[in-house]
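Dear colleague,

I am handing over the structure we spoke about, and below it I have set out what was found. Please read the notes with the sequence and the structure side by side.

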Amino acid sequence: MPRMQKRPEVETIRRKCVACGKIKEVKYKEWSIPPTKFNPNKGTSPNRIDIPGASVKYYCCFKNDDGTMECEYSA
Ligand SMILES: [Zn+2]
């Protein structure tokens, strides 16, 4: 039997949405990474979460084209 192909799975997590303040399923993350510390071309680079100064914001929805969040309107 062929091996099951492993797909990159997006884990379902629940966090407080920065835009609407509700604890909801995270659909979108926005990373803030110090530009000098992050080199995506480097094979040995650590996970983004391990980078000092890196932070992430969680959203329960996606960003609109104008930079606002979808859930802000329904909050
Ligand atoms: Zn939200």
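This is a predicted model: local features need pLDDT of at least 70, side-chain atom pairs count only at pLDDT 80 or more; totals for chains, interfaces and linings use all residues.

Two strands are said to pair if DSSP finds at least two bridges between them. S3, which covers residues 28–32, and S4, which covers residues 55–59, run antiparallel and are joined by 5 bridges. Within this pairing, tyrosine 28 stands opposite tyrosine 59, which belongs to S4. Is S3 buried, or does it lie largely in the open? Of its 5 residues, the number buried is 0, so strand S3 lies largely in the open.

The chain as a whole contains 4 strands and 1 helix, and, read from the N terminus on, these elements follow the order β-β-β-β-α. Of the 75 residues in the chain, 7% are buried. If we take the contacts between residues at least 6 apart in sequence, 53% of them join residues that are at least 24 apart.

Which residues make up the largest nonpolar core? There are 5 residues in it, namely Cys17, Val26, Tyr59, Cys60 and Cys71, and the tyrosine among them, Tyr59, is the residue that stands opposite tyrosine 28. Another member, cysteine 60, touches several residues even when those up to four places away in sequence are not counted, including Cys17, Val26 and Cys71, and Lys24 is also one of the residues that cysteine 60 touches.

Lysine 24 itself is found in strand S2, which covers residues 23–25. Because a residue is called partly exposed when its count of other C-beta atoms within 10 Å falls between the limits of 12 or fewer for exposed and 20 or more for buried, lysine 24, with 16 C-beta neighbours inside 10 Å, counts as partly exposed. Leaving out residues up to four places away in sequence, lysine 24 touches Arg14, Cys17 and Cys60. Lysine 24 and arginine 14 are 10 residues apart in sequence, while their C-alpha atoms are 5.2 Å apart in space.

Finally, glutamate 11 has its place in the segment before strand S1, which covers 14–16. With 5 other C-beta atoms within 10 Å, glutamate 11 is exposed. Glutamate 11 and valine 26, which is a member of the largest nonpolar core, are 15 residues apart in sequence and 9.2 Å apart in space, taken from C-alpha to C-alpha.

With best wishes

Technical notes:
Residues are numbered from 1 along each chain as its sequence is written. A nonpolar core is a set of buried Ala, Val, Leu, Ile, Met, Phe, Trp, Tyr and Cys residues joined through C-beta atoms within 7 Å. Two residues are in contact if their C-beta atoms, placed from the backbone, lie within 7 Å. Helices (H or I, at least four residues) and strands (E, at least two) are DSSP runs, numbered from the N terminus.
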